[in-house]
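Subject: Structure handover

Hello,

Here is the structure I promised to pass on. Please open it first, then read my notes below.

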Amino acid sequence: PFISERIKFPPVDHLFCKVKESMATDCQDKHKLEILAKIVRREWGLGLGPINNLTRELEKRGVVIVKLDLDDAIDGFSFWEQNRPYIFVNQNNNPYRLRMSLAHELCHLLCHEAEDVEKNLKRVENEAKRFASAFLMPEPSFSNDIFSTSLEQLLMLKPQWMVSVQAMVMRCEQLNLIDEDRAIYLQKQISRKRWRKIEPGDLDTPSERPVLLRQAVQLLIEKRVISKNDLLDKISLEGDFLEEACSLPKGFFSLEDNIVQLSLA
């Protein structure tokens, strides 16, 4: 609250409210999830091709994104606070899994209430997975790029679409480009190649980094609205944690402000 009260963040896109209020949005219908994914892309001017930087697209529309060192079992979580959407993702995940987590949490923010998640966790998770796939790999543009479903060919598409080979296999099955038997065969190949946790290219691709909170903190410090030490005292957080949460350089808060106030004699 202290930061948001002094920094004008991008306004939350009206589409969030529009989707939540629409009685026509039925997230239990997989076909409507496909349509919703296309509507979001259209309203945000994202076209039907690969999204270059999903983190930046969400931040521009008022979503605060935080990367934290979370438990391996947690890819991410999201919530609304004071009419602003927040997404927390696991910084230990590879860039492709991180993008899928962002799209997954976007679905929760658009479609699901907290009580719905608690009561129907499996259903809402499946809905979020379907939306994320449709949002990152829209039909027909993704389908048009599939000339072969061999793992080698899918691996060639990975840098273009910025999704994992495993995600592409599942999307191919969703779009009926392959049947269930072919999907199972490919998933077994993935396991045999030991790609289940780390695929080729995962460690060579830079991860998207949030900038919204980092720029906000840096602006407060640079404009001398508050000192680093006073900021830490004000929000009652450790410097190391705040550096991580705001994607600030390591040691940002351990360095002295190096500002001495002088006046003319």
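H5 and H7 cross in a right-handed way. Right-handed here means that the near helix is turned clockwise from the far one by less than a right angle, and left-handed that it is turned anticlockwise. The helix and strand names are DSSP runs numbered from the N terminus: helices are H or I with at least four residues, strands are E with at least two.

This is a predicted model, in which local features need pLDDT of at least 70, side-chain atom pairs count only at pLDDT 80 or more, and totals for chains, interfaces and linings use all residues. Residues are numbered from 1 along each chain as its sequence is written, and side-chain values use heavy atoms, with hydrogens and water left out.

**Helix packing**

Back to H5 and H7. Their axes are 8 Å apart, at an angle of about 120 degrees. Axes are lines fitted to C-alpha atoms, for helices over the stretch in contact, and angles run from 0 to 180 degrees between N-to-C directions. H5 and H7 are therefore oblique to each other. The cut-offs: under 35 degrees is roughly parallel, over 145 roughly antiparallel, 65 to 115 roughly perpendicular, and the rest oblique.

Residues of H5 in the contact include Met100, Ala103, His104 and Leu106, and those of H7 include Val124, Ala128, Phe131 and Phe135. Contact means heavy atoms within 4.5 Å. By class, this contact of H5 with H7 has 11 nonpolar, three polar and four charged residues. Ala, Val, Leu, Ile, Met, Phe, Trp, Tyr, Cys and Pro count as nonpolar; Asp, Glu, Lys and Arg as charged; the others, Gly among them, as polar.

H7 also packs with helix H3 (residues 30-43): the axes come within 9 Å and cross at roughly 45 degrees. H3 and H7 are therefore oblique too. H3 passes H7 in a right-handed crossing. Leu33, Leu36, Ala37 and Val40 are among the H3 residues that take part, and Phe131, Ala134 and Phe135 are among those of H7. The contact of H3 with H7 divides into eight nonpolar, no polar and five charged residues.

H5 has another partner, helix H2 (residues 14-21). The axes of H2 and H5 come within 8 Å and cross at roughly 60 degrees. Leu15, Phe16, Val19 and Lys20 in H2 meet Leu106, Leu109 and Leu110 in H5. The classes are six nonpolar, no polar and one charged.

**The largest pocket**

The largest pocket has a volume of about 1100 Å³. A pocket is an open set of points on a 1 Å grid over the protein atoms alone, where a 1.4 Å probe fits, with protein on both sides within 12 Å along at least five of seven lines; lining residues have an atom within 4 Å of a point. Grid points are joined across faces, edges and corners, and the volume is the space filled by probe spheres set on the points.

Of the 42 lining residues, Asp75, Ser101, His104, Glu125 and Lys129 are the closest to the centre. H5 gives the largest share of the lining, eight residues. By class, the lining has 15 nonpolar, 13 polar and 14 charged residues.

**Backbone details**

Glu139 and Pro140 are joined by a cis peptide bond, with omega about 10 degrees. Pro140 lies in the loop between H7 and helix H8 (141-144). Gln82 is not a glycine, yet has a positive phi of about 50 degrees. Gln82 sits in the loop between S2 and strand S3 (84-90).

Best wishes
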